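I set down here what I looked up in this entry, in the order in which I looked.

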Amino acid sequence: MLNPLKSYYMSQMVKQKLNTFVLLLVLSCSSNLVSQTKVDGLLSINEFYGKVVSAFDGTYFWVKHNGKYDIYDKSGQQIQSGIPVKNQIDVRNYQNTFAVRNGILISYDSSKFGERFISLKEKKQLGGDHIYSTIIPYDNGTYFAIKELDKQFGKMSEHLYLDENLNVIYKIKESHIKAIQEKSRSILTSEDQKRRLFGSANEGFIKHYDPTTKTFGFINTKGETVIPHAYKAVGDFSEGLAFFRNEENLYGFINNNGETVIPAKYSKQPYSFFNDRARVLSKDGYWGFINGKDQLVIDATYKFATNFYKNHALVRTDQFSSILLIDTDGNVIHAFDKNLKIDFQEQANIHQTLGLNAEYFTHINPVLKQLVDFGKGIFTFKNKSGLVDSKGNVVLDFNYKSLKDYNNGLMLAIITTENNKEKHGLINEQGTFVVTVGQSKF
C-alpha cells in the first residue's frame, strides 16, 4: 500500500504534469490562433547593414510586395496597397524616405514624380490633389514640404512649414526662394541641403537664411525677423535655447530674445537642450552634458551618448564598456551587460561638426525611448537582436537576425528558421508571430 503522503505527492505530480500539458496545449492552440494572420510580401531590409528598413509606428507597418509597398495594421488587415517605391535610403539611420507617422503616410507617386500625404485611417489623400517634390518629417511632428503648383498660375512651387495636422505654419516668400537660387543655384538641389537650410519650425521660431550675407537668423510664423541674421549656422530652438556658430567657428547658445546666454567657446558642435541638458563634445572626443547656465553637470567622459529623454539618457565610455542608463545628474540607474550593444547616433571621435542634418541635434534614440516609455528595449548581442528590460533582464532571447520598432509589446522581426530560411513578421514579447509576412510561392 502506498504511503498516503507519497500518494498525495504523486497525485500532485500527475496533476501538475496534466496541468502543464493542458497549459502547453492551450498555449499552442492560442499561438496558432494568434499567428494565423499571414500577409503577402517581405519586410524591407537594408542589405548592406542587415537591418530592417520597414517601420512600425505602434499601429501600422509596411512591407514590400511585387516591387511596391503595402500597408497593414497590427492585426494584419491591409490598409493600402500598390504604393510605388521611391528608392532612397538614408544609410545613416537605415530609414527609407517612405514614412508612416501618426497615421499619416508619406507616399511617392511615380506617375507624377512627387510625394503626397495619405490618411491611413480615412484611406484618402490629404491636402487635395497636390503633389510635393519634397516632404521632410521632423522629430517634433512638423514637416517641411515643397508643394508643386500648376504652371498656368505662374508659380512653380510653394515652400511650406506644416504642423502635425498638415496646417500651414508658414509659407516662405517666393522672392526669398528666388534670391537663394540666384545666389547659389545648387543650394536647393539636394534634400540634405534643404534640411540644413530650412530646419524645422519649433517653439514659434523658424531659422532663416540670408543668401546675400550667407548668415542665419530667425523669423516668427508671420515672417517677421525676430533674431537678426548674424550667425554662420544655427540650430532649431529647444527649451528656449538654440545653438549658433560665429565667424570664428565657435559655438554657443542664444535665447528666444536673441541674447547670448552661453558664450561661443565650444569648438565642436553641441546638441539641442532636453531636460535642461545639452550634449557637448570635448576636443579629445568625449561627450558631456551642460545645463542652461553653462555648467558642466555631467563630465565629458563618454565616447557614446544620446540626448536626454524624460530625464534619462544612454551613455558608454567606450565600445568595450557597459551601456549605462543615467539620470540628469549623471547617476547610473542601470549598467547593462557590457556585451550588449545598441546603435548610438554617432561615435564622438568620428563626429562631424559641419553638414549634419538639423534633426540629428534633436534626435531621440529609439532604444532609449523604448526603455523609458515601455520599460524594454531592443539590444544586440553577437550580431543577433533581443529584447531587454530596463533592469537588464532578457525578455526575448537573442535569436533574431533583426528586431525593430518595439512599441507597447509588439515589434518587427526577422528570424532564421531551422531549415535556414528567414521568417518575417510582427511579433509580441513572447516571440509569437502575431502577423507573419511571407512571399507566395508563385
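Which residues line the largest cavity? I worked on a predicted model, in which local features need pLDDT of at least 70 and side-chain atom pairs count only at pLDDT 80 or more, while totals for chains, interfaces and linings use all residues. Residues are numbered from 1 along each chain as its sequence is written, and side-chain values use heavy atoms, with hydrogens and water left out.

**Entry 1: cavity.** I found that the lining of the largest cavity consists of Tyr161, Tyr170, Ile172, His176, Ile180, Phe198, Ile206, Lys207, His208 and Tyr209. A cavity is a set of points on a 1 Å grid over the protein atoms alone where a 1.4 Å probe fits but cannot get out, and lining residues have an atom within 4 Å of a point. The structure holds one cavity of 30 Å³ or more. The space in the largest cavity is about 50 Å³, the volume being that filled by probe spheres set on grid points joined across faces, edges and corners.

I then sorted the lining. Seven of its residues are nonpolar, two polar and one charged (nonpolar: Ala, Val, Leu, Ile, Met, Phe, Trp, Tyr, Cys and Pro; charged: Asp, Glu, Lys and Arg; polar: the others, Gly among them). At least two lining residues come from each of α2 (174-183) and β17 (206-210), and β17 gives the largest share, four residues. Helices (H or I, at least four residues) and strands (E, at least two) are DSSP runs, numbered from the N terminus.

**Entry 2: threonine 328.** I located threonine 328 in the loop between β29 and β30 (332-335). Is threonine 328 buried or exposed? Threonine 328 counts as buried because its relative accessible area is 15% (buried is under 20%, exposed over 50%, partly exposed in between, with a 1.4 Å probe and protein chains only). Beyond four places in sequence, threonine 328 is in contact (heavy atoms within 4.5 Å) with Asn275, Arg277, Val297, Ile298, Phe308 and Asn311.

**Entry 3: whole protein and confidence.** I noted four helices and 36 strands, and 442 residues of which 49% are buried. The mean pLDDT (the predictor's confidence in each residue, from 0 to 100) is 83, and 81% of residues reach 70 or more. Confidence is lowest in strand β7 (residues 89-90), with a mean of 41, and highest in strand β29 (residues 324-326), at 98. Over residues 1-28 the pLDDT stays under 50, and the model has two contacts for them beyond four places in sequence. Where pLDDT is low, the predicted coordinates should not be read in detail.

Key
On a 1 Å grid over the protein atoms alone, a cavity is a set of points where a 1.4 Å probe fits but cannot get out, and a pocket is an open set with protein on both sides within 12 Å along at least five of seven lines; lining residues have an atom within 4 Å of a point.
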